[in-house]
Amino acid sequence: MVEFLDVDREGLFEEIVERGREEGVSDEEGYHELIDAVIEEHRGMGEIHDDTSYQSMAEALRLRWSEYREALGVDESHPTF
């Protein structure tokens, strides 16, 4: 069973969008790296427990790449924001 104490997927996604905007992350590889970094930070703070469950959370967030691009206003005709 996955145990998430103080963090949820939607909250993480919103944090990732905000940080991605601040850091200028507009490509998919950078988005995936940002996901890993944010999850690791929350694990380090003890907000996400279970050494393997973060993989499923990361995968769910990776599948939201198109939503991330939309949130930043990035598309094929405007590859950066």
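Begin by selecting helix H1 (residues 9-23) together with helix H2 (residues 28-44), which pack with their axes 10 Å apart and at an angle of about 120°. The model on screen is a predicted one. Angles of 65 to 115 degrees count as roughly perpendicular and those over 145 as roughly antiparallel, and H1 and H2 are therefore oblique to each other. If you turn the view to look across this pair, the crossing of H1 and H2 is right-handed.

Next, show the side chains where these two helices meet. Coloured by class, the contact of H1 with H2 shows eight nonpolar, two polar and four charged residues.

Stay with Arg-19 for a moment, a residue of helix H1. Buried means under 20% relative accessible area, and Arg-19, at 18% relative accessibility, therefore counts as buried. When residues up to four places away in sequence are not counted, Arg-19 touches Leu-34, Val-38 and Glu-41.

Now move to the second pairing by selecting H2 and H3, which pack at an angle of about 145° with their axes 10 Å apart. H2 passes H3 in a right-handed crossing. On the H2 side, pick Tyr-31, His-32, Ile-35, Asp-36, Ile-39, Glu-40 and Arg-43, which meet Tyr-54, Met-57, Ala-58, Leu-61 and Arg-62 of H3. By class, this contact of H2 with H3 has seven nonpolar, one polar and four charged residues.

The tour then turns to the interior. In soluble globular proteins, nonpolar side chains tend to be buried together. Here the largest nonpolar core has 19 residues, and the members that touch the most others are Leu-12, Ile-16, Tyr-31, Ile-35, Ile-39, Leu-61 and Tyr-68. Each of H1, H2, helix H3 (54-62) and helix H4 (65-72) supplies at least two residues of this core, and H2 gives the most to it, with five residues.

For the last stop, which residues does Leu-61 contact, leaving aside its neighbours within four places in sequence? Centre the view on Leu-61 and you will find Arg-9, Leu-12, Phe-13, Ile-16, Tyr-31, Ile-35 and Ile-39 in contact with it.

Definitions and conventions: Residues numbered from 1 in each chain as written. Predicted model: local features only at pLDDT ≥ 70, side-chain atom pairs only at ≥ 80, totals over all residues. Heavy atoms only, no water. Axes fitted to C-alpha atoms, helices over the stretch in contact; angles between N-to-C directions. Helix = DSSP H or I, 4+ residues; strand = E, 2+ residues; numbered from the N terminus. Parallel < 35°, antiparallel > 145°, perpendicular 65-115°, else oblique. Left-handed = near helix turned anticlockwise from the far one by under 90°. Nonpolar A, V, L, I, M, F, W, Y, C, P; charged D, E, K, R; others polar. Buried < 20%, exposed > 50% of the residue type's maximum accessible area, 1.4 Å probe, protein only. Contact = heavy atoms within 4.5 Å. Core = buried A, V, L, I, M, F, W, Y, C linked by side-chain atoms within 4.5 Å.
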